[in-house]
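These are my notebook entries on a structure that I had not examined before.

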Amino acid sequence: MGKIKAEVIVKGKVDRMQKMSPPFSHIYVEKEIIAHPRTEKILDFFCHEEEGRKQERHIIEITHYKDVFCRKRQDISLQKQAPALILAKKRDHFLYSGSPVCQNFDEKHFYYTSCVMNCLYDCEYCYLQGMYPSGNLVIFVNLEDTLLAVEQMLKKHEVYLCISYDTDLMALENITGFVKEWSEFAGNHKNVKIECRTKCGRRDLWKALSPNENMIFAFTISPEEVVEKFEHRTASLEDRLSCATEALRLGFPVRLCFDPMIYIPDWKEKYGKMLDKVKEKFSYSLDCLYDISIGSFRISQDYLKKIRRVQKNSAVLNFPFENVSGVYQYPQKLMEEMEGFLKEQLENDLPAEKIFFWK
Ligand code: SF4
């Protein structure tokens, strides 16, 4: 079967599209959702024209996504070069309680949801490599069932929901349209607060969205050296900041996440330069941000063990971390020094209640 080209404009820059968008090797579709309107829409996205004629879609029908996604002995590194796309139905686990290694922003009812598994980006340190048995990408097309589950929960209490943890939804927006749907949901429900985390630089997306105070766009911000070396296929620091400032200008609530901070040689100088750029981009007025978070890299012991098998030569992952109650993190002194450095540099720009730390 020939490769199906996913023309995903991740950065909005045509010349970088090839680098950014791995072609999907195959498209698998669960029989049960083959007639779902979102399946149809997504498959249409991959219909391409050649010599003026629309090409037939090459799809493989399957019974359950796990038949492909959970096969034994998959080569995740290889799959990440050209993953398969799997369209499936989410049948359970619509909401998960927030993990202790994640920043909860002091929210009492902290949940996350996973409408897509795996990511178009390829961060060397990404925990997904330790969590999933496959590098293939699964899109659960029945978003309406997750929305319903959130609605049920909202009848009991308010909800703080992270929708872009196990993927980068903004990078997939051309294919799924999920960010728009979540944004509309947030606009229609008073007691929900949604966070959409991204390393994307797509300024064109804002046109399709309406700002509302319940939908926060959270940009992970890293020094250019970290982006280049470890956050493969993601937008550059410059592009992420341009995207964030544009969002702010249009009235979207914007959060900056200096998380995960990655230890690199000359980290202080590199993170200092990054902050100079951030402040310059925001015209030295960070107070207009929704808030910021600061956190150094940490990961559960089980995931790290598995990721090290995938990323054997990774300098980030082979750091001699300390294991604190099942979570690997930088040694206490280094962790405090790194996070303290950013705090010191930022505390004059934002009130203390807008600066959050992991733990
Ligand atoms: S952007 Fe996030 S989800 Fe995607 S590979 Fe990087 S860390 Fe993983």
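**Entry 1. Sheets.** I took two strands as paired if DSSP finds at least two bridges between them. The model I examined is a predicted one. With that criterion I looked up an open sheet of five strands, whose order is β4-β1-β5-β10-β8 and whose pairing is mixed. I noted β4 (59–62) and β8 (116–117) as its edge strands, since each pairs on one side only. Strand β1 (residues 27–30) runs parallel to β4, and four bridges join the two. Within this pair, I found V29 to have E61 in β4 as its bridge partner.

**Entry 2. The sheet of eight strands.** I then traced an open sheet of eight strands, again with mixed pairing, in the order β6-β7-β11-β12-β13-β15-β16-β20. The edge strands here are β6 (96–97) and β20, each of which pairs on one side only.

β15 and β16 pair in the parallel sense over five bridges. The chain passes from β15 through α11 to β16, and I recorded this β-α-β crossover as right-handed. Two positions illustrate the pairing: L256 stands opposite I292 in β16, and C257 has S293 as its bridge partner in β16. On the β20 side, β16 and β20 run parallel and are joined by three bridges. There I294 stands opposite F357 in β20.

**Entry 3. S293.** Is S293 buried, partly exposed or exposed? I counted S293 as partly exposed because it has 19 C-beta neighbours inside 10 Å, and a residue is buried only at 20 or more. S293 is placed in strand β16. Leaving aside neighbours within four places in sequence, I listed its contacts as Q103, C257, F258, D259 and F356. I also looked up A218, which is 75 residues from S293 along the chain; the two C-alpha atoms are separated by 9.6 Å.

**Entry 4. Helix α13.** I found M335, M338, E339 and L342 to be the buried residues of α13. Among the elements that cover these buried residues are β15 (254–261), α11 (267–281), β16 (291–296), β19 (327–329) and β20 (355–357).

**Entry 5. Helix α10.** Helix α10 (residues 237–249) has 13 residues, and I recorded a reach of 18 Å from its first C-alpha to its last, close to the 18 Å expected at 1.5 Å a residue. The residues L237, D239, R240, L241, C243 and A244 of α10 are buried. Their cover includes β13 (215–220), α9 (224–230), β15 and α11. After α10 comes G251, which has a positive phi near 100 degrees.

Entry 6. Where does the chain show a positive phi at a residue that is not a glycine? I noted R73, with a phi of about 55 degrees, and S283, with a phi of about 50 degrees. R73 has its place in the loop between α3 (66–69) and α4 (76–81). I recorded R73 as exposed because 5 other C-beta atoms lie within 10 Å, and a residue with 12 or fewer counts as exposed. S283 lies in the loop between α11 and β16. S283 also counts as exposed, because it has 9 C-beta neighbours inside 10 Å.

I looked up one cis peptide bond as well. The bond from D259 to P260 is cis, with omega near 10 degrees, and P260 lies in strand β15.

Entry 7. Which residues are around the ligand? I listed C119, Y121, D122, C123, C126, L128, T167, D168 and K199. By residue class, this shell divides into five nonpolar, one polar and three charged.

Key
Residues numbered from 1 in each chain as written. Predicted model: local features only at pLDDT ≥ 70, side-chain atom pairs only at ≥ 80, totals over all residues. Contact = placed C-beta atoms within 7 Å. Expected span 1.5 Å × (residues − 1). Near = placed C-beta within 6 Å. Nonpolar A, V, L, I, M, F, W, Y, C, P; charged D, E, K, R; others polar. Right-handed = clockwise from strand over helix to strand, strands pointing away.
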